[in-house]
Amino acid sequence: VGDIEAKKVNMVITKDLSRLGRDYIMTGHYMERYFPEKRVRYISLLDGIDTGVESTANDITPFRAIMNDMYAKDISKKICSTMKNKRLRGDYIGNYAPYGYLKDENNRSRLVIDHEIAPIVVEIFELRAKGTGFDTICRILNEKGYPSPGRLRYERGIITNNNKKGSELPWNPHVLKDLLANVVYIGNLAQGRSTQCLYKGEKYHWTKEADWDVVEGTHEPIISMELWNTVQEINKKVSSNATKSFGRYAHLPKRP
């Protein structure tokens, strides 16, 4: 679109109309208004659409756009239903295993303990159970050279948008906080924490905890329930104290 606005492009070619867009409203906007206004010629190779010439294929373009939209929504509905059933069945559907676990080679929907990393997870929980703060735990982990989740994925060849720095990814309180609240370490799965659904018109968003799909006893735990409960009580207490003290010193001038 930027090149069109800059008048660097006067023709758009796609394999078929669905590559331009599956939302028939947006497709119609480009075909009927945007392209003509910008004097851009549009060609769809497989559909035989060419706005530069007169043809019957051009006349039925709106109907093709509606059919593409209906098809996309039907596929979305089936995918959403399938993924929901998998989560409720206790299948792990994440792209990569949580820190401290591996995907079972015989069943990629099941988690098995990563015995190389699991002791680090135990050490993290034990440090927190002693009341150690997030910043201090991060410093200890970084000083010992323990790989952060992002760094570990990078070292194992799993590249994501968040770990392209590789070995420069240290532990941080945000990652640590999520790890210490993840029920995966007591053998449960809580999935569906974020979602999107085309056929419902839902964009990607984080879901409420009450809407998560939680299944217990899906795999071997790394952390005992006793240790887990201790850590959760500490987290709750610290959070409560922080909330109570919020703004207490706001009247004081900020120091340089």
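**Notes on selected features**

1. Pro 98 is buried, at a relative accessible area of 13%, which is under the 20% limit for that class. The model is a predicted one, and this value, like those below, is to be read accordingly. Pro 98 sits in the loop that links helix H5 (61-89) to strand S4. Apart from residues up to four places away in sequence, Pro 98 touches Tyr 92, Leu 111 and Val 184. Between Pro 98 and Trp 228 there are 130 residues of separation in sequence, and their C-alpha atoms are 17 Å apart in space.

2. Strand S4 (residues 101-104) is joined by 4 bridges to strand S5 (residues 107-113), and the two run antiparallel. Together S4 and S5 form a hairpin, with 2 residues between them. Within this pairing, Tyr 101 has Ile 113 of S5 as its bridge partner.

3. Which strands make up the open sheet, and in what order? The order is S1-S2-S3, giving 3 strands with mixed pairing. S1 (11-14) and S3 (49-50) stand at the edges; each has a single partner strand, so one side of each lacks a neighbour in the sheet. Strand S2 (residues 41-44) and S3 run antiparallel and are joined by 2 bridges. Ile 43 has Asp 50 of S3 as its bridge partner.

4. Lys 7 lies between helix H1 (2-5) and S1, whereas Arg 39 is found between helix H3 (24-37) and S2. Are these residues buried or exposed? Lys 7 counts as exposed because its relative accessibility is 78%, and Arg 39 counts as exposed at 76%; the class requires a value over 50%.

5. Thr 207 is located in the loop between strand S8 (202-206) and strand S9 (213-215). Its relative accessibility is 19%, and therefore Thr 207 counts as buried. The side chain of Thr 207 has a polar atom 2.7 Å from the backbone oxygen of Gly 192. A polar contact of 3.4 Å also links the side chains of Thr 207 and Trp 212. With neighbours within four places in sequence left aside, Thr 207 is in contact with Gly 192, Arg 193, Ser 194, Thr 195 and Trp 212.

6. The last point concerns a pair of helices. Helix H7 (residues 134-144) packs with helix H9 (residues 173-180) at an angle of about 100°, and their axes are 9 Å apart. H7 is therefore roughly perpendicular to H9, a term that covers angles of 65 to 115 degrees. On the side of H7, the contact is made by Phe 134, Asp 135, Ile 137, Cys 138 and Leu 141; on the side of H9, by Pro 173, Leu 176, Lys 177 and Leu 180. By class, this contact has 7 nonpolar, no polar and 2 charged residues.

Technical notes
Residues numbered from 1 in each chain as written. Predicted model: local features only at pLDDT ≥ 70, side-chain atom pairs only at ≥ 80, totals over all residues. Heavy atoms only, no water. Axes fitted to C-alpha atoms, helices over the stretch in contact; angles between N-to-C directions. Parallel < 35°, antiparallel > 145°, perpendicular 65-115°, else oblique. Contact = heavy atoms within 4.5 Å. Nonpolar A, V, L, I, M, F, W, Y, C, P; charged D, E, K, R; others polar. Pairing = 2+ DSSP bridges. Buried < 20%, exposed > 50% of the residue type's maximum accessible area, 1.4 Å probe, protein only. Polar contact = N/O pair within 3.5 Å; in protein donor to acceptor, adjacent residues only side chain to side chain.
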